[in-house]
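Work through the exercises below with the sequence and the model at hand. Each task is followed by its solution.

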Amino acid sequence: MSSTTGSLPTTAPILFEDYLALGIYVGIALFLVAILLLLSWGLGHRTRSRIKNEPYESGVYPTDNARLKGPVPFYLVAIFFILFDIEVIFVASWAVAYDRLGWAGFGQVSFFTLVLLVGLLHLWKTGALDWGPSAARQNRKNQDIP
Amino acid sequence: MDNNLVQIALQNVNMWAIMPSLILICFGMGLLLINVFLPRGTTKHAVWISLIGLVVTGLFVFKGWGDPQYGFNDAVALDNFAAFFNITFLVAAGLTILMSDEYLRREGYPVSEYYPLVLFTTAGAMWMASGTDMMTIFLGLEVMSVGLYVLAGFFRNQVRSNEAGLKYFLLGAFSTGFLLYGIALIYGVTGSTRLTEIGIYLNAHTSLLGNPMTLAGLVLIAIGFLFKIAVVPFHMWTPDVYEGAPTPITAFMSAGPKAAAFASFLRIMEYCFFSLKPEWTAMLWVLAVLTMVVGNVIAITQTNIKRMLAYSSIAHAGYALVGMVAANEIGYSGILFYMLAYAFMNIGAFAVLVLAGKKGEDNLTLEGFSGFGYKRPFLGVAMTIFLFSLMGLPPTAGFAGKFYIFAGAVKAGYLWLAVIGVLNSAVSLYYYLRVMVYMYFRDPLEDYAWVSMPVSVVVSIVIAIAGSLYLGIVPGFVMELAKLAVF
């Protein structure tokens, strides 16, 4: 069952000195947060009023139906982000060894980037990157052709 | 990284091993780019370009016959086996594209993105057929399936199409999970994803053959593919998806992806698990019988022709599984032959259904075909030929295919399996003949004035007739090719 498992490097015993820096770092972070909170609690002046207790001070009054209807392009953004972000992994793995992969590697990664570019162009031209009210109106106008 | 490793990795790439699918992908991408610069609703160019792409790819496949190419450190093999299946996929995709434009236009979806999706799906199927590494096969399966999910739900304003897309997606994702789990277990046992290495390792370590992990991996991998092939305990998605999807896509799904799943399944079973042959043939024996019986018996009660063809496609998967149980040269090459024959006859039958429908309503009930054969003689004769072929009557492709498969089973000693198969074919006569009874022995209720005869669909029907008859009358040549293609 262990035909391909190579020998792992032997683990050294855990030394206190190795973790000292990490410990100091965590300590400083906690200390800083505590100091900031305490100072603002002690030095800040308090006013209590209706306006102060609203969820969004100086913001929109939260007095409407929570189920607002509105265009949500976020899911599109998320999908595009995932698509193009994952592709970067492949490009990065080429970039690590670009000098040794030579022109053949360069050609392959160029083809890969070209494929990405085609995808981007397609998104762009089909209007997937147009957000906002003007795009929504445009879409409604073309509704007869799905 | 070691310099030598890099050199080895690059030297073993060998683009010729994936050239056919690469051409298809390039055509698909080019088509996507052209589409966005043309006004929406223009699709004629897409039909032509994808057909040209399919023909060019076909020429490459023909050129590569008998000259196997191995690439990517033996993760891909473009051998005769892959080439034969590639031709099947190309035939299925070509016939589908020919009948699609008319149908999409009639249903109000003249969307040119459809055609690149079909091309990508075909390319995925090609990777499945030529994959000699679990990962390549999985990659091909995903490329193929993702395209099909979109295509099944392509009519996005129709509830039934949406249902088909969602059902196919959920169950497909589920079955992919099974497959991956099986691959992981087998990797855990043998330490490799390369098919030949797994086979050699299992053969050398016979103590592993009875190991529960090996057996679980084998069964899980089999389940993953049996889902795609729609074999009986895993067939539940088939009728709903086939009924809801656009008719040309149903035709394509029943021929192309099914053949692709058979290709990878055959390769994995033969390369990896040849040491476990008695075990998996016993398993498939039961499944083949179940599939044939359930598919045929439920098809009898269907009144919707599309649904009836869905159940009949389950039954046909059962016939093809008989070839796998036989596990000899005739059985395997019989499967290859049968898949090609099935592509011709089934897609042809669906093409007739495409023409018989009106906008918005598909006219798929049996009553809807009353007297159809007299009012529309050409379509009636075409449908008759396809149904004869699906029944397995000579001189059609279905007869030759079933003959080879059952001959393989008899030669391997599975006499009873062949008897059950033939009995099932007799059962299937009932529901196929019923369509013909309605077409020819009932008075026409309508004059079928809405049925137009666009050139593209007629061409696809004629090609399908030619294929069904050629494979039935002179099956020898193609069967010889199929024999050269198996391992």
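**Exercise 1.** In which loop of chain B does B:Pro395 lie?

The model is predicted: local features need pLDDT of at least 70, side-chain atom pairs count only at pLDDT 80 or more, and totals for chains, interfaces and linings use all residues. Residues are numbered from 1 along each chain as its sequence is written, while chains are lettered from A and ligands numbered from 1 in the order in which they are written.

Step 1. Find helix H16 (377-391) and helix H17 (397-411) of chain B; B:Pro395 lies in the loop between them. Helices are DSSP runs of H or I with at least four residues, strands are runs of E with at least two, and both are numbered from the N terminus.

Step 2. Check the peptide bond from B:Pro394 to B:Pro395: it is cis, with omega near 0°. Most peptide bonds are trans.

**Exercise 2.** Find which residues of H3(B) are buried.

Step 1. Apply the cut-offs: a residue is buried if 20 or more other C-beta atoms lie within 10 Å of its own, exposed if 12 or fewer, and partly exposed in between, with C-beta atoms placed from the backbone.

Step 2. The buried residues of H3(B) are B:Ala46, B:Ile49, B:Ser50, B:Gly53, B:Leu54, B:Thr57 and B:Val61. They cover an arc of only 140° around the axis, so they are on the same side of H3(B); the arc is that of the directions from the helix axis to the C-beta atoms.

Step 3. Turn to the other side of H3(B), where the exposed residues include B:Lys44, B:Ile52 and B:Lys63.
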